[in-house]
Amino acid sequence: MHLRSKDQLLFDNDRFVTFGIREPRRVLVITDEPSRSKECADALWAFDYLPEIVRPDDAKVSNLLGYQAVYLFAVADPSAKLWAGLEDYVLKGGGLGIVPPGKELAEASYNKGPGQRVMPG
């Protein structure tokens, strides 16, 4: 940018502008029913996140560190393998959000074993 006003100091008539353009922050939404997670995905989009929605069986739990956060959204009965992958992700500093399902929730999956190690309380 060049200033039009002229003064005795010519060296201060030029200005520079820098714009920071960043990649969208990737988040993973793991859900039993992708159609039910549309509102969740829309909310994430509104805050500049790039949600990827997958079913629990399709989640690559060995490669979660590429995501800013992972959401377990209305998964009725997460497998021990999924819980183990989420536990490893959290222990390495990853952010995990858990939104339990309604009546279809398998309480044993959330209250015992690997699920209990991931969730507080």
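Visitor: Is S109 buried or exposed?
Guide: Buried means under 20% relative accessible area, exposed over 50%, and partly exposed in between, with a 1.4 Å probe and protein chains only. S109 has a relative accessible area of 11%, so S109 is buried. The model is predicted: local features need pLDDT of at least 70, side-chain atom pairs count only at pLDDT 80 or more, and totals for chains, interfaces and linings use all residues. Residues are numbered from 1 along each chain as its sequence is written, and side-chain values use heavy atoms, leaving out hydrogens and water.

Visitor: Which residues does S109 touch?
Guide: Contact means heavy atoms within 4.5 Å. Leaving aside residues up to four places away in sequence, S109 touches D77, P78, W83 and G115. With D77, the side chain of S109 also makes a polar contact of 3.3 Å. A polar contact is a pair of N or O atoms within 3.5 Å; within protein, one must be able to donate a hydrogen and the other to accept it, and residues adjacent in sequence count only if both atoms are side-chain atoms.

Visitor: What is the order of the strands in the open sheet?
Guide: Strands of a sheet pair through backbone hydrogen bonds, either parallel or antiparallel. Here the 4 strands run in the order β2-β1-β3-β4, with parallel pairing. The edge strands, β2 (49-54) and β4 (95-99), each pair on one side only. Strands (E, at least two residues) and helices (H or I, at least four) are DSSP runs, numbered from the N terminus; two strands pair if DSSP finds at least two bridges between them.

Visitor: Over how many bridges do β1 and β2 pair?
Guide: Strand β1 (residues 25-31) pairs with β2 over 6 bridges. L28 has E52 in β2 as its bridge partner.
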